[in-house]
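Trainee: I'd like to walk through this one together. Could we take it a question at a time?

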Amino acid sequence: MLALDRMVALAVVSRSQAAPPALPVLGDLFIVPVAAAAAWGHPADQLLQWVGSGWQPQQPRPGQLALVLDENRLLIFSSGWQDRLPVAGLQLAGRAVLAASPVSISAPQGGGTIDTQARDALTALLTALRDQGILLP
């Protein structure tokens with residue numbers, strides 16, 4: 001088996017399984033759920049890989065990424081598994097961007113003077129921002 005502590009990106013079967021599977025597949029990798037640490041017999045958030053004769057534990061390292069297959073969600077480890085990057089946005093030219101949580105903005109409507117082209121452009125911009133996850137639907 002590979003040394004998981006040297007790997008940056010992992011494919012994890014699940015992080016919510018209440019107990020170890022009865023018939024694990026060689027190489028299966030799980031994150032021990034907080035609520036099921038006793039059932040797994042290992043600390044919460046620890047990585048466990050089936051090596052054929054038992055579960056090989058690995059402590060995740062800060063910055064390690066895991067795609068949780070049963071959730072189709074990417075996690076990062078930083079004092080626990082998180083489903084978002086543990087940063088306050090990105091820094092571009094010394095300026096923080098994408099630092100706030102997405103918000104919802106409604107499409108333009110009403111008003112005394114209606115500029116159809118401007119309204120169409122704003123609607124397209126809002127749609128693009130929603131598609132990128134910058135705005136909530």
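Predicted model: local features only at pLDDT ≥ 70, side-chain atom pairs only at ≥ 80, totals over all residues.

Trainee: Where is L69, between which two strands?
Mentor: Look for the loop that holds L69. That loop lies between strand 5 (65-68) and strand 6 (73-77).

Trainee: Is L69 buried, partly exposed or exposed?
Mentor: Buried means under 20% relative accessible area and exposed means over 50%. L69 has 49% relative accessibility, so it counts as partly exposed.

Trainee: Which residues form the nonpolar patch on the surface?
Mentor: The patch has about 260 Å² of accessible area, taken together. Its members are L67, L69 and L74.

Trainee: Turning to Q46, is it buried or exposed?
Mentor: Q46 sits in the loop between helix 1 (37-40) and strand 3 (47-50). Leaving aside neighbours within four places in sequence, its contacts include F30, I31, V32 and P57. Its relative accessibility is 11%, so Q46 counts as buried.

Trainee: With which side chain does the side chain of Q46 make a polar contact?
Mentor: The distance for this pair is 3.3 Å. The partner of Q46 is the side chain of H42.

Trainee: What span should helix 2 have, at 1.5 Å a residue?
Mentor: Helix 2 covers residues 116-131, which is 16 residues.

Trainee: Which residue takes a positive phi just after helix 2?
Mentor: At the start of helix 2, a side-chain oxygen of D115 comes within 3.2 Å of the backbone nitrogen of Q117. Just after the helix, the phi is about 80°, and the residue is G133.

Definitions and conventions
Residues numbered from 1 in each chain as written. Heavy atoms only, no water. Patch = residues over 30% accessible without salt bridge, like charges linked within 9 Å, V, L, I, M, F, W, Y side chains within 5 Å. Areas by Shrake-Rupley, 256 points an atom, 1.4 Å probe, with all protein chains shown as cover. Salt bridge = Lys/Arg side-chain N within 4 Å of Asp/Glu carboxyl O. Helix = DSSP H or I, 4+ residues; strand = E, 2+ residues; numbered from the N terminus. Buried < 20%, exposed > 50% of the residue type's maximum accessible area, 1.4 Å probe, protein only. Expected span 1.5 Å × (residues − 1). Polar contact = N/O pair within 3.5 Å; in protein donor to acceptor, adjacent residues only side chain to side chain. Contact = heavy atoms within 4.5 Å.
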